[in-house]
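Subject: Structure handover and findings

Hello,

Here is the structure we talked about handing over. My notes follow below it.

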Amino acid sequence: MAQTPYRDLTSQDILSAHISGLQHDINKMQAVLEMKTAQATGHVLKPVADQDDPTIRYRIYEGTIRNWLDNPAPVIYRNGARVDPSEYEISPAHGVVVFHEQQNLNNTITADFTYITNVSAWRQSIDGSVGSIPSLQQAVDQHSLLLANNPAGVEPFYPLPGTYVSHFRRDYNPINTDGTANVNSHVPAFRILVYGNTIDAFPFPLPTKTRFNKAAMKLNSASTNVSLRIGIYRDNGLRPSKLLFQSPVITIPAAGGWGMVDIDLELEPGFYWIARHDGATAYYDGLSQVSAIPIVGFNAQTFLQDLSPRPNHHSFYGGYRATNIPFGDMPTTFPASGALFQRSSYCSPWLVVA
C-alpha cells in the first residue's frame, strides 16, 4: 500500500507547504470515500472575542460545522439580512468568516451553506451489500431445499417481457431435438372446480430480479360474476408465511374468460408462493399436475423393500390450501389451517412479466 512519505518535523517553523500537503491527502481520502453532503440553513456563527487587542474582536466568526463547500457559495446574514460579500473574506474549508470591519457585539451572524458530512456513500454501499448477504444466502438455501426435495428439478428460468409466469415446472425443454416446438412441454387443464373463500398457494421460484405489470386468471365458467385476488407470500421452510403483495380485486364475468388487473411488483431472486383467493365457487382453467412444480417427499425405507409390487415411496403435493377464508383482503400471514393438497389439476394464478 502506497503512503505519503511524511517525516516527523524538527523544531522549525511550520510552512504553508506542510499544511497544503496534508490538505491534499484529505481531499484524496474524501474522493475515495465518496463523502456525502448536506445543507445547513441559518447556522449561527460564534464570534472570536478573546484577543488581547479589543479592536480586532468580533471580526472572526466560526461555525460549529466546518468543511463547507464553495460551490454553491455560502451566504452570510447579519441579523437576518444578507451581507454583501465585499464586507468579508471567507474560508469555506475551515467554516470561518473574517469581516473587514469590527461587528457589533449584539449582532447575530448566520450562514447558509453546503457541507461535507461524516457519511461515506462508498461505505453505505458496502454496508448495503454486506447487509444483503444473509437474505441472498437465505434465498440460495431455500432454492437448494426446493431442489433437494424435488426430483424433477426446477431449472433457472429467465422470462422475457410479456411472459405469463405461474407454478409451472421450469425443467421442460420447449424445443424438440429436431428443432421443432415441443407442444407437450406444458399440459393445460380445464374446468377445475374450486369453492369460494378458498386460498391456494403454489411454489414460485425466481432466479433473477423480475418486475411484473399484470396479474391474471382464466375463468372457465361460473353461475355468477367471480371476484378474486392474486398474492405473493414469503417462504418459511417450504411453507407460505408473510403476505408480500396482493393485487387489486379481479372481477370476471360468469361466462368466463381472462381477468386481468394492472400491478407494479418487483421481486428479488428467491423462493416465494403465488396464491389465489376466490370470492365465489367457480370452474377455472390452469395447469395439469404433470406440469406443476411438485412438493415431494421420498421414503427410503419404503423404497428399499424387496417386494413386488413395491409400495409407492413418494408423496407429492401441488401446494397449500386454506378453506373458509372470507374473501376480501388476503390474510397478512398465510392461515395456519392451510394444509398441503394434491389434485390432478390446479386452477393456476398468473403474473405477467413487465
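Arg66 and Glu62 pair through their side chains in a salt bridge, 3.8 Å from N to O. A salt bridge here is a side-chain nitrogen of Lys or Arg within 4 Å of a carboxyl oxygen of Asp or Glu. Arg66 is partly exposed, because its relative accessibility is 33%. Glu62 is partly exposed too, at 28%. The cut-offs: buried is under 20% relative accessible area, exposed is over 50%, and partly exposed is in between (1.4 Å probe, protein chains only).

Before the rest, the ground rules. This is a predicted model, in which local features need pLDDT of at least 70 and side-chain atom pairs count only at pLDDT 80 or more, while totals for chains, interfaces and linings use all residues. Residues are numbered from 1 along each chain as its sequence is written, and side-chain values use heavy atoms, with hydrogens and water left out.

**Salt bridges**

The structure has eleven salt bridges. One of them joins Arg321 and Asp200, with the closest N and O atoms 2.7 Å apart. Arg321 sits in strand S21 (residues 319-322) and Asp200 in strand S11 (residues 199-206), so this pair ties together parts 121 residues apart in sequence. Helices (H or I, at least four residues) and strands (E, at least two) are DSSP runs, numbered from the N terminus. Both Arg321 and Asp200 are buried.

Arg211 and Glu266 also meet in a salt bridge, at 3.3 Å from N to O. This pair links distant parts of the chain, 55 residues apart: Arg211 is in strand S12 (residues 210-221) and Glu266 in strand S16 (residues 257-267). Arg211 is partly exposed, with a relative accessible area of 36%. Glu266 counts as partly exposed at 39%. Salt bridges with shared partners also join Asp200, Arg276, Asp278 and Arg321 into one network.

**Overall form**

The protein chain has three helices and 24 strands. Its radius of gyration is 34 Å, well over the 20 Å that the globule rule gives for 354 residues, so the chain is more spread out than a compact globule. That radius is taken over C-alpha atoms, and the rule is 2.2 Å times the number of residues to the power 0.38. Along the principal axes, the C-alpha atoms fill a box of roughly 110 × 50 × 45 Å.

Of the 354 residues, 37% count as buried. The chain exposes about 20,200 Å², and carbon and sulfur atoms supply 54% of that. Accessible areas come from the Shrake-Rupley method with a 1.4 Å probe; for residues, only the protein chains shown count as cover. Among contacts between residues at least 6 apart in sequence, 75% join residues at least 24 apart. Contact means heavy atoms within 4.5 Å.

**Cores**

The largest nonpolar core has 33 residues. Such a core is a set of buried Ala, Val, Leu, Ile, Met, Phe, Trp, Tyr and Cys residues joined through side-chain atoms within 4.5 Å. Phe204, Phe212, Ile232, Tyr284 and Leu351 have the most contacts inside the largest core. Leaving aside neighbours within four places in sequence, Phe212 has contacts that include Val165, Phe204, Ile263, Leu265 and Leu351. Another core, of 14 residues, lies apart from the largest one; among its members are Ala40, Tyr61, Tyr88 and Ala111.

**Surface patch**

Ile26, Met29, Leu33, Trp122 and Ile126 form a nonpolar patch on the surface, with about 460 Å² of accessible area together. Patches are made of residues with over 30% relative accessible area and no salt bridge; like charges are joined within 9 Å, and nonpolar side chains (Val, Leu, Ile, Met, Phe, Trp, Tyr) within 5 Å. Helix H1 (16-33) and helix H2 (121-148) each supply at least two residues. H1 gives the largest share, three residues. Leu33 is in H1 and is partly exposed, at 34% relative accessibility.

**Backbone points to check**

Most residues other than glycine have a negative phi, and most peptide bonds are trans. A cis peptide bond joins Asn71 and Pro72, with omega about 10 degrees. Pro72 is in the loop between strand S3 (60-62) and strand S4 (75-78). Asn67, in the loop between S3 and S4, is not a glycine, yet has a positive phi of about 60 degrees. Asn67 is partly exposed at 39%. Tyr58 also has a positive phi of about 60 degrees without being a glycine. Tyr58 lies in the loop between strand S2 (46-47) and S3 and is partly exposed, at 23%.

Best wishes
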